[in-house]
Amino acid sequence: MRIQIKDDFDLGKIADSGQCFRFNKCYDGYSVVAGDKFVFIKQLNDEPGETSDNGQWYELSCSEKEYEEFWKEYFDLNTDYRNIRGLIDKQEDEYLYNASEYGKGIRILQQDPWEMLISFIISQRKNIPAIKASIEKICALSGNKIATDPEGNAIYSFPGPEKLAQVSMDELSACSLGYRDKYVHRAALDVASGVCDLESFKKLADPELMDKLLELYGVGVKVANCEILFGYHRLNAFPKDVWINRVLEQRYPKGFLFEKYAPYNGVMQQYLFFYSRSEGITAKEN
């Protein structure tokens, strides 16, 4: 099916934004896996008579029903990111303005809390390619084959907590998790047993949600913030890693304007993260 998107939407920037690990360049588009669902999406050439002001067309491999019931929400297409970028005043914050222009097209995907919890536990002190490789090993080990991408690669679902809880420590270790294997194993056991009810966490306010996440074995402030932003789609969460800390130190010695950008500080974080890693001064100094 085909859709037209008139708001900020850039597949490549979303894939490289550090928020998702099963969103990859494939053939002439992108392979996207979320839970037990797979879609191949590609940008189409401009339709005759269409201009960039009228939006861009995309082709998706899913049915219209699946798009409406799942992927439209997953891509957060009911949120206006142009309006969010409009909160930034170039004269007041030129660095963030430049970052938002550079990162224009990034959206905060609406991802599953369980998948994000495991993904960001794995992410600790790992680079993005290594994180992706470990996650794919876990999916091939414990997930179900759900599709084949255009390049002929088998696509596996992300295993639910019950299935992952049945995986042995030796098998988890073989997924290149390092010291994180015990964290993943414990998280699977806790969620599968109901000790940790991720669904009920959706009812909590951000401070209470943070407290609950910090009770989990192997979850610190950074992982919890990533879970709040990317797993629970709380757009004001502001995860801090080495890149963001450098930006705050070098560009905002007097403090970042969190009050001004609320409740969208998480979107601003994504612009800063993407810009600093790609072209920003902190990336060049690293």
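**Exercises on helices and cores**

On helix 2, the face turned away from the buried side carries Lys 65 and Glu 69, both exposed. The model is predicted: local features need pLDDT of at least 70, side-chain atom pairs count only at pLDDT 80 or more, and totals for chains, interfaces and linings use all residues. Residues are numbered from 1 along each chain as its sequence is written, and side-chain values use heavy atoms, with hydrogens and water left out.

**Exercise 1.** Find which residues of helix 2 are buried, and explain why they lie on the same side.

*Solution.*
1. Buried means under 20% relative accessible area, exposed over 50%, and partly exposed in between (1.4 Å probe, protein chains only).
2. Helix 2 covers residues 64-74, and its buried residues are Tyr 67, Trp 71 and Tyr 74.
3. These residues span an arc of only 80° around the axis, so they are on the same side of helix 2. The arc is taken from the directions from the helix axis to the C-beta atoms.
4. In general, an α-helix has 3.6 residues a turn, so residues three or four places apart point the same way.
5. The cover over the buried residues includes strand 1 (2-5), strand 2 (23-26), strand 3 (29-34), strand 4 (37-43) and strand 5 (56-60). Helices (H or I, at least four residues) and strands (E, at least two) are DSSP runs, numbered from the N terminus.
6. Just after helix 2, Asp 76 has a positive phi of about 55°.

**Exercise 2.** State whether Ile 108 is buried or exposed, and list what it contacts.

*Solution.*
1. Ile 108 sits in the loop between helix 4 (94-102) and helix 5.
2. With a relative accessible area of 0%, Ile 108 is buried.
3. Leaving aside neighbours within four places in sequence, the contacts of Ile 108 (heavy atoms within 4.5 Å) include Asp 76, Phe 230 and Val 267.
4. Ser 17 is 91 residues from Ile 108 along the chain, and their C-alpha atoms are separated by 9.3 Å.

**Exercise 3.** Identify which residues have the most contacts inside the largest nonpolar core.

*Solution.*
1. A nonpolar core is a set of buried Ala, Val, Leu, Ile, Met, Phe, Trp, Tyr and Cys residues joined through side-chain atoms within 4.5 Å.
2. The largest has 64 residues, and Leu 164, Phe 256 and Leu 272 have the most contacts inside it.
3. Not counting residues up to four places away in sequence, Leu 272 touches, among others, Tyr 95, Phe 238 and Phe 256.
4. A second, separate core has 22 residues, including Phe 9 and Phe 75.
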